[in-house]
Structures are given as C-alpha cells and as structure tokens.
Amino acid sequence: MLNRKLLKNFKWTLKTAINDVEVTRLYPEVMMELPDNERGIHELDATTCIGCASCARICPNSCIQMVHFKFGNPLKNKEMQFPQIDFGRCMFCGLCVDECPVECLKMGKKVIMAGWERKDIIKGPEFLATKNFSAKEVEDLEAEAKRIASEKAAAKKAPAKSGYEPIPGDVKKIKPGAEMVCPRDPAHLKTRLSSVGQRCPDHDVELVRADSIKKSGD
Ligand code: SF4
Ligand code: SF4
C-alpha cells in the first residue's frame, strides 16, 4: 500500500522528466514573452522630445525631473532638457506617456533594473533614450539653430521701410479678401486672406492691408 502511494507521488515527476515539460524558466537568461502593452521601463526618443516638461508636471509621484542631455535635438529642444525618472518612486501608471504632446515617450518591455544604491535606479536620458543623435549630428543641428536665430534677430532689427503704417483701429475689421502685404517690405509679399492674424514668414510681423500702406504715403 505504501509503495503504491509513493509511486503515485512520483507520477508527475516522472511524467515531466520523460516528456520534457517546461515547468521553470532559466530567468534571467531566458525571459518570458511580454505583451505589447507591457508597462516596463520608459523609452525616450531624444530626437523628437521638445523638453516641454509636461510629463514631469503630470506625474502624480513627482518622479520626473528635467535634466540636461547633450545628444538631443537643439532645433526642437532649445534648452536641451530631457526627462530623468526616479524608478524608486514610479508606479508605472503611464500618465507621463499619455501626456507627451509629441509621443516621444513610451513604456518599453525592459523590466530588469537593480542597483546597489538608491541612486542607481534614478535613470537619466542617457539610459532612457533609445533614439538620440551623435555628437557630430548635434554639432550640425546647433549650427543650424544658431543660423536661424541670427536670421530672426537680424529681421527684427531691420528698419521698417518708409510708408509702413499699422492699420489704425480694430485690425479684425479688415474685410475678407483684402490685399495683405508684409509691412516691412510691401513689395516682397502680397496675398489675399479671408482672415486676419497671418504673419510674414520672413520678417515675423503681422501682415497688413496694402491700401493702409498706400494711405500712409499720401
Ligand atoms: S509612469 Fe506614472 S509614476 Fe511613473 S514617471 Fe510616469 S507618470 Fe510618474
Ligand atoms: S518626453 Fe514628451 S512630455 Fe516629456 S519633456 Fe519630452 S516632449 Fe515633453
């Protein structure tokens, strides 16, 4: 009787041994398949992050801090500030991801994170960024950003040509279809608009009615 009971207890062991049934995994060498919507460690696309800090503001646990990172995009992120996440406080709710206006932050499938000290689980953009620029690319982008900034500054400083006079009174009373020009250089841009409030792409000033400029020269 005892022998029969013993054999019964060994039944499952023998069955799995013979049939090669997987009952354990060699974690961490062999990871289980994670679902696509897994909320793992965040992944950041530093080439599109605009440094708006919306993720940091929405985080209910205040675990996001904006820090400097030199391999982002200076054309999109002028201050070069990117999120750093304290995973010791993160509850992986995903609110920061939902809030990101350019969808450059997502939750990845990486889940292993360990450290000897508390600071080891505070991860900056150099760890989170799955996409970033090289030092050479950043140099080129910075040069481009400087060129654009100096062009804008020069356009702002350029003296207004004689004959420019802003439309007196309420600018919103302009009739749809009036001829609109750049007040800095009426010859350089002429257009017809059905609404007001459009700006000259070169001089960054609001377009004005062409006849208002003519009147000022009379
Ligand atoms: S997942 Fe939630 S708790 Fe974690 S950083 Fe984002 S908003 Fe904060
Ligand atoms: S990750 Fe998104 S929300 Fe956070 S700073 Fe960058 S652009 Fe803004």
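Me: How many residues surround ligand 2, and which are the closest?

Reply: A residue is near a molecule if its C-beta atom, placed from the backbone, lies within 6 Å of it. In this case 13 residues surround ligand 2, and the closest are Cys-49, Cys-52, Ser-54, Cys-55 and Cys-100. This is a predicted model, in which local features need pLDDT of at least 70, side-chain atom pairs count only at pLDDT 80 or more, and totals for chains, interfaces and linings use all residues. Residues are numbered from 1 along each chain as its sequence is written, while chains are lettered from A and ligands numbered from 1 in the order in which they are written.

Me: How do the residues of the shell around ligand 2 divide?

Reply: Ala, Val, Leu, Ile, Met, Phe, Trp, Tyr, Cys and Pro count as nonpolar, Asp, Glu, Lys and Arg as charged, and the others, Gly among them, as polar. The shell around ligand 2 has 10 nonpolar, 2 polar and 1 charged.

Me: Which peptide bond is cis?

Reply: The bond from Tyr-27 to Pro-28 is cis, with omega near 5°. Helices (H or I, at least four residues) and strands (E, at least two) are DSSP runs, numbered from the N terminus. Pro-28 sits in the loop between helix 1 (2–19) and strand 1 (42–45).

Me: Is Met-80 buried or exposed?

Reply: A residue is buried if 20 or more other C-beta atoms lie within 10 Å of its own, exposed if 12 or fewer, and partly exposed in between, with C-beta atoms placed from the backbone. Met-80 counts as buried because it has 21 C-beta neighbours inside 10 Å. Although not a glycine, Met-80 has a positive phi of about 55°.
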